[in-house]
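Have the model open alongside.

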Amino acid sequence: MNTATLATPLPRPSAPPRLRVLPGFRLTLGYTLAYLSLLVLIPLAAVFLKTAELSLAEFWNVVTAPRVVASYKLSFGMSLLAAGINAVFGLLLAWALVRYSFPGKKLIDALVDLPFALPTAVAGIALTALYAKNGWIGQFLEPLGIQVAFKPLGVLVALVFIGLPFVVRTVQPILEDLDTELEEAATSLGAQRWQAFRHVILPIVFPALLTGFALAFARAVGEYGSVIFIAGNLPMVSEITPLMIITKLEQYDYTGATAIATVMLILSFTLLLIINGLQAWTAKRTGRDR
Amino acid sequence: MKRISLGRALLGLALAVGLAASAAAETTLLNVSYDPTRELYQAFNPEFARHWKAQTGETVTIRQSHGGAGKQARAVIDGLEADVVTLALAYDIDAIAEKTGRIPADWQQRFAHNSAPYTSTIVFLVRKGNPKGIRDWGDLVKAGIEVITPNPKTSGGARWNYLAAWAYALRQPGGSEQGAQDFVTRLMKNVPVLDSGARGATNTFVQRGIGDVLLAWENEAFLSLDELGADQFEIVVPSLSILAEPPVAVVEGVAKKRGTEKLARAYLDYLYSPVGQRLAARHHYRPIHPEHADPADIARFPKLELVTIEQLGGWQAMQHKHFADGGVFDRIYAR
């Protein structure tokens, strides 16, 4: 019966069903593979091939040079931190946008996407102008002994800026689907506000929050345009990994550049795999298997 | 029927004439250059086009591309079809020659004066009134002085800045390699921001108000005064600096293919002509033949001792010693 087929849970890997509900599986898979190969796999393969021109010892020397290692720490550390900050405040923002109505809400909703649309160089120059010691914000921070522009802190500010929409936009639809009755039920059963948030809302939102975190992180690791203006770019202090790649290119060292790119790719891919695994695990645990 | 065929014939004729005309008219030349020459070539290109038209009857359109010198050289290496390159340092043109073979290895002997039709040097730009009393290189390494210069690993101009400081330290009484190394180390420790290019460093100094002194191309320093007003900044000329020779070359591989060899050569030759020399001086580059320039422009160039890159050991040696991975510059920041 038709309804029965529809009601069956998603196909288990152990017993693939002969009959698929949706036609066109081969066509779409073929298209997916071709598309991914052209756009993602072939360019990435070129990076690995170019890197392969180096011997293993040379490769190791390039990717573990002290300046490069310092840049990994800055790039990955700041990206994780920025994604974490965005996860907290992005959730807050999404909550405010979904649950409350206030004048100018549509405008604020649209503003969230602005970091997507703005050319990153413009963002970088604008943030630098704001946070430099003669800037609008910088002039008030300077007397407090807080320097943002041209310091590692500036890198963080830029990365938080560009990562914001990712968390808001992934969490927002989940919050919109969330029935207020769940919280009301929790409250009527005697839960404190914190308990209702911790045990009812958070588990439902968490997988989406992780996705947003992963996206914001991935974007931040690869970011160049906005960071380069505000970072100060001092060796061992405020050089991001993408700058190390550009530096290699400026010295016409193409293989060195791709070697660092390879390390970045592997590190990012591993971290993203871990985050995705974590997300699948929490989704399963909270019974929202998608 | 007759009318149509006549129309067609006319159309065909018009097309043929148009094509022939455009073949003659559409001779283009691409000059790939670096950032600070933008104004110079904007003025030079129409002058050359007029000269070429008068000489040969051909109309030539010159296209310009500007950007960081290293990035521009890389674009040519990666296949940008430049007929001529006019870059910040010989090392960049060497890289094109080495990586592509489109420029002969002895390119620097193809034009007079090491293929540098104009030269420049490195001077200091300080805030009005020179509040920190900066007079010479020695003042830059003092405690509490903030020096703005771009990263020599990514900027051609910054390599000139750095080598000028190196040359100064070497030429001091009792100067030695070790002493010079200490000097540039102390200098770089006074740099709070390392921009990736010369224009970025100028912005940091001028717009962001960071730093006490900007190390700049002489022509860029004059340009800053012209554009931002002499009431905010002033130029300080050190006792000694480096003779920066921004070189030019025909990309023979490309020019041969496009049939623009003669044109490309004439274009670069014209830089050495009285017209080219006068324009170079007008745009604050020191002309090779100052007698052709406006004496008022020449009078603006201060006299100072200039050290050439050959006296220091040449670009390839300097690049290897200072800016290659693990070189002197890297060791400054190694902990």
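Let's start with Leu38(A), which sits in helix H2 of chain A (helices being DSSP runs of H or I, at least four residues, numbered from the N terminus). This is a predicted model, where local features need pLDDT of at least 70, side-chain atom pairs count only at pLDDT 80 or more, and totals for chains, interfaces and linings use all residues. Residues are numbered from 1 along each chain as written, chains are lettered from A in the order written, and side-chain values use heavy atoms, without hydrogens and water.

**Surface**
- Leu38(A) is exposed, at 63% relative accessible area (exposed is over 50%, buried under 20%, partly exposed in between, with a 1.4 Å probe and protein chains only).

**Aromatic pairs**
- Over all chains there are 25 aromatic pairs (Phe, Tyr or Trp rings, the six-membered one for Trp, with centres within 6.5 Å; stacked is under 30 degrees between planes, edge-to-face over 60, tilted the rest).
- Phe76(A) and Phe217(A) make a tilted pair, 6.3 Å centre to centre with 45° between the planes.
- Phe76(A) is in helix H4 and Phe217(A) in helix H11 of chain A, so their pair ties together parts 141 residues apart in sequence.
- Phe76(A) is buried at 8% relative accessible area, and Phe217(A) is buried at 1%.
- Tyr41(B) and Tyr267(B) are stacked, at 6.5 Å and 25°.
- Tyr41(B) belongs to helix H2 and Tyr267(B) to helix H12 of chain B, 226 residues apart.
- Both Tyr41(B) and Tyr267(B) are buried.

Definitions and conventions: Helix = DSSP H or I, 4+ residues; strand = E, 2+ residues; numbered from the N terminus.
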